[in-house]
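Subject: Structure for your records

Hello,

Here is the structure you were expecting. My notes on it follow below.

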Amino acid sequence: MDLGLRDKVAVVTGGGGAIGGAIASLLAEEGVKIAVWDLSQEAAEKCCDSINAQGGVALAVECNVLDKKSVATALSKTLERFETVDILINGAGGSRKQATTSADQAFFDIQPEAVGSVVDLNYMSAVIPAQIVGRVFAEKKAGVIINISSIAGMTPLSKAIGYCNGKAATNSFTQWLAVHMASEYSPNIRVNAVAPGFVMSQQNRFLLIDEKTGQATERGREIIRNVPVGRYGQPDEIAGAVLWLASEKASFVTGAILPVDGGFTAFSGV
């Protein structure tokens, strides 16, 4: 099936991570030229080396998505190589222990700065690249923005206050920006979000696996009990949803937040 993506150019922020890397690789398989933006140049290069080795075309760019100058510089490097951008995947994000309640840290003791930093990591990490790359889309009157949100932004999860609030803001931003870009610049600019369910990663491993025993924590066991398909998701499964939203097969979809969660948000617990 031709998805109409060949020779398009995509920026994937956080592309050095598990989900971002899977998205970059799957898009590359469809003939998309990829710019992998990541805070770690090494991680970006590792992702790009894998794509290039498979016959794809990828450029590694070190970028701090919370710094407008850094994002602007990353865009300049991307345009220098590929001349344009057609797709922006905002995949940078994550959680931190300091903004999570635990047996060692009550809600009352969490520092505001910790919550703010995690909200920024999951919200402003979408806003700032959308501002910078969005200008390209506004000028050419076409483009696709896909924010990698989370089910935590749709239904708050216990413990992860900063992460839930950041992703909730991202969901609201997705809907707002979809209307703004379509009405102010072009209906050919689409903005959507994918909301992954529980995918095991380095970012959430500390919540799901006991560091001392290597076994599932009680939280990890509870999660699996509440996922109807009975397992964690895989990065490739998130990437598949992104691929569809990026393609012309989703040309009438904007302002949507698509859960990819094994049925978690559909399950009442009984």
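The lining of the second largest pocket is made up of four nonpolar, five polar and eight charged residues. Please keep in mind that this is a predicted model. The volume of that pocket comes to about 520 Å³. Its lining has 17 residues, and Ser102, Ala103, Asp104, Phe206 and Leu207 are the closest to the pocket centre. Helix 7 (205-208) and helix 8 (218-225) are the elements that contribute two or more residues to this lining.

The largest nonpolar core holds 32 residues, of which Leu5, Leu27, Ile34, Ile89, Ile146 and Val194 touch the most other members. At least two residues of this core come from each of several elements, including strand 1 (9-13), helix 1 (18-29), strand 2 (33-38) and helix 9 (235-246). Helix 9 provides the largest share, seven residues. Beyond its neighbours within four places in sequence, Leu27 has contacts with Leu5, Ala10, Val12, Val32, Ile34, Ile89, Leu243 and Ala246. Another core, of 30 residues, lies apart from this one and has Leu59, Val61, Ile145 and Ile189 among its members.

Asn90 sits in strand 4. With a relative accessible area of 2%, Asn90 falls under the 20% cut-off and therefore counts as buried. Its side chain reaches the backbone oxygen of Ala126 at 3.4 Å. Apart from neighbours within four places in sequence, the contacts of Asn90 include Thr13, Ser125, Pro129, Ile145, Ile146 and Asn147.

Regards

Note on methods:
Residues are numbered from 1 along each chain as its sequence is written. This is a predicted model: local features need pLDDT of at least 70, side-chain atom pairs count only at pLDDT 80 or more; totals for chains, interfaces and linings use all residues. Side-chain values use heavy atoms; hydrogens and water are left out. A nonpolar core is a set of buried Ala, Val, Leu, Ile, Met, Phe, Trp, Tyr and Cys residues joined through side-chain atoms within 4.5 Å. Buried means under 20% relative accessible area, exposed over 50%, partly exposed in between (1.4 Å probe, protein chains only). Helices (H or I, at least four residues) and strands (E, at least two) are DSSP runs, numbered from the N terminus. Contact means heavy atoms within 4.5 Å. On a 1 Å grid over the protein atoms alone, a cavity is a set of points where a 1.4 Å probe fits but cannot get out, and a pocket is an open set with protein on both sides within 12 Å along at least five of seven lines; lining residues have an atom within 4 Å of a point. Grid points are joined across faces, edges and corners, and a volume is the space filled by probe spheres set on the points. Ala, Val, Leu, Ile, Met, Phe, Trp, Tyr, Cys and Pro count as nonpolar, Asp, Glu, Lys and Arg as charged, and the others, Gly among them, as polar. A polar contact is a pair of N or O atoms within 3.5 Å; within protein, one must be able to donate a hydrogen and the other to accept it, and residues adjacent in sequence count only if both atoms are side-chain atoms.
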